[in-house]
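Here is a short briefing to read alongside the model. Please keep the sequence and the structure in view as you go.

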Amino acid sequence: MTVIGVFALQGNVREHLAMLTQVGVEALPVRRPSELEQVDALVLPGGESTTMYKLARTFELFEPLQKRIADGMPVFGTCAGMIMLADKITGGTADQETLGGLDVTVRRNAFGRQVESFEADLEFAGFDSPYHAVFIRAPWVERVGPDVEVLSTVRSGPAAGRIVAVRHDRLLATSFHPEMTGDARLHGYFAELVRTH
């Protein structure tokens, strides 16, 4: 059976574990290198990106994660997880580190602070009907590399046209929180990506 881990040092861990179980994979919280070794793929959840990279360092997960990503492990980053995967970030702290691997530039808190959280229906590549997305202090993608596929953009409002979902080979990232909607299609999409790579 496919085993997908969820980075469990911070963020919406329980919700992601539940969604992964719903789409028929074994879901495992990952807090240490020995647990990382047991998974075929990983979800980097929403949370606070600066806290997440510091905790990854503290728990000696940072380098093992970087190595697994470089070696081709599929990873799904949501909100702060998107920031963690990005090769470049703007609006971060001066010392902020990312795991890298995703050839994009991401702007932290691009949609504003907590009060500017919002929900929107998105057209999503490969989905027959719109995906209802929840954005909380979300980033957006400012630049994509030549091999990065844009899966979704904001359709209307002040952020119209902004890129909020991308895929680069085995790496998938969204600005929003798919674990908070009850719509398991994105977790299913990722599970399928894991099975076919």
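This is a predicted model: local features need pLDDT of at least 70, side-chain atom pairs count only at pLDDT 80 or more; totals for chains, interfaces and linings use all residues.

Residues are numbered from 1 along each chain as its sequence is written, and side-chain values use heavy atoms, with hydrogens and water left out.

**Overall fold**

- The protein has six helices and 12 strands; these are DSSP runs (helices H or I, at least four residues; strands E, at least two), numbered from the N terminus.
- Buried residues make up 53% of the 197, where buried means under 20% relative accessible area, exposed over 50%, and partly exposed in between (1.4 Å probe, protein chains only).
- Of the contacts between residues at least 6 apart in sequence, 64% join residues at least 24 apart; a contact means heavy atoms within 4.5 Å.

**Positive phi values**

- Most residues other than glycine have a negative phi.
- Cys79 has a positive phi, near 55°; this residue sits in the loop between β4 (75-78) and α5 (80-85) and is buried at 4% relative accessible area.
- Arg137 also has a positive phi, about 45°; Arg137 belongs to the loop between β8 (131-135) and β9 (140-144) and is partly exposed at 25%.

**Salt bridges**

- The whole structure holds 11 salt bridges, each a side-chain nitrogen of Lys or Arg within 4 Å of a carboxyl oxygen of Asp or Glu.
- Glu123 and Arg155 pair at 2.8 Å, N to O. Glu123 lies in the loop between β7 (118-122) and β8, and Arg155 in the loop between β10 (149-153) and β11 (163-168), so the pair ties together parts that are 32 residues apart in sequence.
- Glu35 and Arg32 form a salt bridge at 3.2 Å, N to O; Glu35 is buried at 16%, whereas Arg32 is partly exposed at 42%.
- Glu192 and Arg195 meet at 3.6 Å, N to O; both are in helix α6 (residues 185-196), three residues apart, about one turn of the helix.
- Arg57, Glu63 and Glu97 are joined in a network of salt bridges.
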